[in-house]
Amino acid sequence: MPDKPTTVVAYAAGASLAAIAAFYVFGPTFFIDGENSYHTNDGRKRTIIGLSNPANDCFINSVLQALAGLGDLRLYLIKELHRRQLDGPEIYESAPSLLRKGEKADKVVNLQKGPITKALKEMLDALNERPIYKKTISARPMIEALERAFQTRISRNQQDAQEFLQIVLERLCDEYHAAQRARSRNLHPEQAEDGEPLERKTTGLAPALSEVSVGTNEGFPFEGRMESQIQCMRCGFRTKPSVTTFVSLTLNVPMKSTTSLDNCFDGLLKSEEIDDFKCDKCRLKHALEWKNNKIKSATTEKERTELEKEGERIQQALDEDPEQAPEGVTLPDSSLAPKCKIKKSTRITMFPKVIAIHLSRSMFDRESYSTKNMAKVSYTQRLRLGGLLNEKWYKLLGVVCHKGSHHSGHYESFRRNHLYPPFSTPDAFSAYATRNPSTVPSATPSPSIKAIQTNGASTAAGPSETQSSSSSAISLLASNSRPTSKKDEVKGDSSSTKSTNNDAQTETSPLQKTETQTSRPQIRTQEASASKFRRRKKSNDRWWRISDDKIKEARTSDVLSMQREVYLLFYELERPGDDAAS
């Protein structure tokens, strides 16, 4: 019986809707985040949100635009505010029973509430919209939040992007630690009554430099830790390392016509030797020799006994802690102590996820008149920090440049044009598949492979195992690492195929070999057909050049050519699977 026209039309419409829905679910970023996303239907280029400049706010606008392109910062803000909502406001609105020195209850409560954290998240969310038409917003909500937090007005007379960035980052870090202490008091009230975080109680304040484990900070993404230590080149004694934390690094630009970012880092982290230094251990050794000479020339038994006791105390200080002079012991004048050469070394012991670098270009002449250092500073897309055993690689995501002199000029920023999950939708069912993989069908039908008999027992993977292995598991707040490269997939396929061939040769019959080998081309064919719906990852060479409300596209070569104007650099820590070229 011939089909009715209405039935045919209904089937065709249903099939079209099903195809569109399947394409949107399994590959929605092709049209949304793909090459066509840079143009609208009428041919206009898509752009990003600009910021107005009503009162010489370019130093504020440039920093906010650079921060808007940092994925780790946005993920931190999302997770931190979400955790505050889950905990409830009562935890963060109560002041600690014991305050530390210099603290006030109202200021602690204000930090615990995190007003700047919330204001910055709203600001960055607004800047990351993708408008079709040109759109400009104001940074006034963020400025007003800062003015309320510090109870003062932000001056427009002294415009420095680095000072504004430092104020914002230090405030965010203080709000993070205040919230951590509030949560610690709520979980362990008997252990955190003094308001100190638990992690600081359980760890030593100044461990030996060789015993410190170098790692990555998992809290506030800009916070890192540095340690400096002095070693005497005469006796080999090492002082206790002095620990300092930072949210941004200031590097002095040398007074040269051309230099590099690595040379600027050498001025901060490179070991240096200093002459005419007086070591604490060498001074105690000199004092012990001085006491022994006095013992030999002592005339009375009482004087000899007192000198011997003082010598024992000096020897005890030498054995335990040469930096602490023994109490009640008369030491010779410090001018008589021997001078020696020391070696001062500084290193990063806790690497931040996002490192903000300030290139200090201020120079001062004899009359204390400040000028701008116009040296060219070359920098690269990838930055290597750490030693051979703790190597860390960072990728460039944002740059703030300054044009003009030391007292006047204009700030503009460069921001890499890319998207992070969960801000795009690489897999709409991934979050649900992670929670209940057995009830969600996979994107590609699992191939039916006959079980391989081992020692007479047949083994087969269950449906839940097959579906969970085929479905991607990217949660909503997962890390922003990208899929593995094609080379890694080829290596993984070759290694798995090799191991399967070895097992088949040792434990299967010729008939089973034939069945297994004939099933592999079907698997590869299905994987190849499924990969057609995936958008191939390309090297991202797109940047936005932002000058307040004026926005235009740029390339990496344009960004790296701003060697004379570069002022702030924002690097983000690379993760396994990141494309170094993107």
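The expected span of a helix is 1.5 Å times one less than its number of residues. Helices (H or I, at least four residues) and strands (E, at least two) are DSSP runs, numbered from the N terminus. The structure is a predicted model, in which local features need pLDDT of at least 70, side-chain atom pairs count only at pLDDT 80 or more, and totals for chains, interfaces and linings use all residues. Residues are numbered from 1 along each chain as its sequence is written, and side-chain values use heavy atoms, with hydrogens and water left out.

Helix 7 (residues 115-127) has 13 residues. From its first C-alpha to its last, helix 7 reaches 18 Å, close to the 18 Å expected at 1.5 Å a residue. Its buried residues (under 20% relative accessible area, with exposed over 50% and partly exposed in between; 1.4 Å probe, protein chains only) are Ile116, Thr117, Ala119, Leu120, Met123, Leu124 and Leu127. They cover an arc of only 165 degrees around the axis, so they lie on the same side of helix 7. The arc is that of the directions from the helix axis to the C-beta atoms.

The whole structure contains 5 aromatic pairs. Rings of Phe, Tyr and Trp (its six-membered ring) pair if their centres lie within 6.5 Å; planes under 30 degrees apart count as stacked, over 60 as edge-to-face and the rest as tilted. Tyr76 and Phe220 form an edge-to-face pair, at 5.4 Å centre to centre and 75 degrees between the planes. Because Tyr76 lies in helix 4 (residues 71-87) and Phe220 in the loop between strand 3 (215-216) and strand 4 (224-232), this pair ties together parts that are 144 residues apart in sequence. Phe220 also forms a tilted pair with Phe222, at 5.9 Å centre to centre and 40 degrees between the planes. Tyr76 and Phe220 are both buried, and Phe222 is buried as well. Tyr76, Tyr176, Phe220 and Phe222 form one aromatic cluster.

Ser360 is placed in strand 10 (residues 354-360) and is buried, with a relative accessible area of 15%. Apart from neighbours within four places in sequence, Ser360 is in contact (heavy atoms within 4.5 Å) with Thr250, Leu251, Asn252 and Val253.

The chain averages a pLDDT (the predictor's confidence in each residue, from 0 to 100) of 75, and 65% of the residues score at least 70. Over residues 192-212 the pLDDT is below 50, and this stretch has 35 contacts in the model beyond near neighbours in sequence. Where pLDDT is low, the predicted coordinates should not be read in detail.
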